[in-house]
Structures are given as structure tokens and as C-alpha cells.
Amino acid sequence: MLEYKANPHKSGLRLSLGVATAVVVTALVFAITKQQRETTKQRLLSRQLTALLPTDAYDNNPAIDSIQLNKEISNNLLVNQAYLYKKANTTQGAVLHVTTSQGYSGDIELLIALSQHNWIHGVALVAHSETPGLGDKIEQGRSDWLMQLRNLKTESLPASAWAVKKEGGQFDQITGATITPRAVINAVSDTINWYSLNVQSLQ
Amino acid sequence: MTPSTATHNKLLLAGLWSDNPALVKLLGLCPLLAVSNTAINALGLGIATLITLVISNTMVSVFRHHLLPAIRIPLYVLIIASVVTCIELITQAWLPQLHRSLGIFLPLIVTNCLIMGRAEAFASRQSVKAAIVDAIAMGLGFLLVLLLLGITRELIGMGSVFADASQSGIKVFDAEYGILIALLPPGAFFILAALLIAKRKLDK
């Protein structure tokens, strides 16, 4: 039978002992894994950046030459970080990590690679929670939809082109998903506009 | 057969079939339904839950004489939360893909009532050995149902099994012919219901 006659001093002491042990153990695991977690994060990031940028466009490590921004550039788009890619110590452009809240279910995180010479190298998806089977076609593994944002010259795209075809723009739609492609296209277009205005501060 | 192996066999049978946490007790339905959309996710979460359950049951059983009744619940929470935090840190370091696809459901193992339930109902009053066997049995029972749900949903929804972002897995038919609803939340309920019916029919 459980006895419920609690002894507050004893209980309190045991509880604090338990808490102290738990804190020590988790702190230890945290410290042991710290190095490895950093390396893994950097490696994943480098892999994504290498996939986005043409190999001859840079000779630095953009994952390290980065600027923390956390800037809200409109009420649904946040620029988190800029990874600068450089050749012979001159900045050629930036890969911008942005979060848009216009997704169908939650935020969509993108990496957008832009050159200073008005090129979009490409766009990669970092995280999303769009509907499986419909909105998730923006994932590279599921369809080629994102590939149409590769190697585009921004000058050839007037503001009206930044929409899916059925809305008068020039990008393919995804059947069954209206909001997801719109969110991505708007995010890329807004990021390009913001970048062209702020290119001087991202050197 | 010694009495102890007999008890162990009984515990295993209970966890895997007669008292299965997912099919009989219906515990931990939130991760069961949410993360079973692909076989890989289901397997990942199943293994993480199994490991958490084994460690937490062992610890609760080892310290069962020190877990005073008045503070036992906060201490269970403390043990389970620390174990899950450590597992999360370790997957983040060495299994980043899994960490990303499980997302919020990895830390949410803390709130899986299956783990708390086994700590309170079993590990806190049994020997360490029995507690470990119970944890393995219950964890495997949960893992297998989760995996079965994951395989079925992925197969019906996308025509593949064990596919993820980097590899295509076993392709059965083209994703275009998949029945989308199996991947969406309602599909999880339908298929779980089918499994529950199947289990009851088999028991008769």
C-alpha cells in the first residue's frame, strides 16, 4: 500500500537531489554532443549551399562568412541569415535564409541564392509542413517544381511575372495546391527586391 | 521452464499482443497517428520511444524505494524528460535527417502516456529485470503497430515503402496513383481502426 503521509523535508530533499542529478546528466550530454552537433549543422548547411551555387562562383566558405539578420522585411517574410559567397575576397552575392508565414500550414523556410549581378542561382527548401501529396511537391525529391527557379535573370522578370501561370505569371502551378506555390514565389520575389535595395550592406 | 522465464514470456506476450499499448490500451495515440505517415518516420519514432521506455523503466525500478509516494510523479517526469532530452541531443548530433523528419514529435515523447503509465503501473513496484522485460515488450508492441501503420499508409498513399528524401526505397507503384487520404490525418484513423478490427477478429 502506498503511504501518503508525506514528510515535507524528506520529500523536498529527495526531489532536489533528483533535480540536481538530472541537471548534471543533461548538462553533461549537452556538453559532450556540442561539438558534434555544430559540425553536423555546418555540414548540412555546406551541403545545401554547394548544391545551390555554381562551383566556379566562389572560393570561400559561405557557411562561415555569414551575417545574422533576423530582419522582418514584410509582415509575412523574415530574413534570418545571409551567407555571403566570395571570389578573391570580393562578394559575389548571398544565399539568404528566409522564413515565410504564407504557407498553407505553417512556415516555409527557404534558401535563396542570389548574385549581385541580377541572377537567381536557385532556391532550396529547408523546412515546411505543407500537405503531403499536394503542397509538398515543392520538395526537390518529390517534383521538379523548384527547378524552374534555377538560373534566372531577374531583369527578365517584371513584377507581373512573379505568379503562377493561371494567375497571369510565368511559373508552373501545382495541381491541388494554390497557396503553397504562391507563398514560395512571393517569398523569392520579395527577397530579391529587398536584396537589391540592401546589397551594399551585405558585403 | 523456470518461473522467471514464464513471467517474462507472459510479459512479452502482454506487450506484443494481449495488452498491446497501441491496439488494446490505445496509449500514445498522438505520435502514433501523427508520425506514422511514412515507414521511416514510424521506425525512427518507434525506436526512440522504445529506448526511452527501457531507460526510464530501468531507472524508476532501480530507484523505486527512494521515489516517495508524494513526489513520485514529478520524479517520473524528471527522469523521462532528461532521457528524452539526451536522446534528442544525440540524434541531433549523429542522425540529423531523423531529427529533422521527426521534428516536434521527438521531444513530445515526454508526454507519451505509455511511458509514464509503465513507470507508475509496473516499474515502480517490480524488480529491475522484470521492468526491463516489460519495457522491451511494451516498446516493441508500440513500435510494431507504429511501423505497420507507417508501411500501410506510405504504401497506399505513395506506392512506396521506406522511401525518404534521399532514397526512393521499395517502389511498388507510381506515387501519382496513390490514395492521398492515407497520408493525411484521417487516413491514420481509418487504418488504425482497421487494425483494431483485425485484432479483435483474430482474438475471437
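**View 1. Asn70(A) in strand β1 of chain A.** Asn70(A) lies in strand β1, residues 66–74 of chain A; strands (E, at least two residues) and helices (H or I, at least four) are DSSP runs, numbered from the N terminus. The model is predicted: local features need pLDDT of at least 70, side-chain atom pairs count only at pLDDT 80 or more, and totals for chains, interfaces and linings use all residues. Residues are numbered from 1 along each chain as its sequence is written, with chains lettered from A and ligands numbered from 1 in the order in which they are written. Phi of Asn70(A) is positive, near 45 degrees, in a residue other than glycine. Asn70(A) counts as exposed because it has 9 C-beta neighbours inside 10 Å; the cut-off for exposed is 12 or fewer other C-beta atoms within 10 Å, for buried 20 or more, and partly exposed lies in between, with C-beta atoms placed from the backbone.

**View 2. Ala88(A) in a loop of chain A.** The loop between β2 (77–87) and β3 (90–100) of chain A holds Ala88(A). Ala88(A) is not a glycine, yet has a positive phi of about 50 degrees. With 8 other C-beta atoms within 10 Å, Ala88(A) is exposed.

**View 3. The buried residues of helix α6 of chain B.** In α6(B), residues 113–121, the buried residues are Leu114(B), Ile115(B), Arg118(B) and Ala119(B). They cover an arc of only 135 degrees around the axis, so they are on the same side of α6(B); the arc is taken over the directions from the helix axis to the C-beta atoms. An α-helix has 3.6 residues a turn, so residues three or four places apart point the same way.
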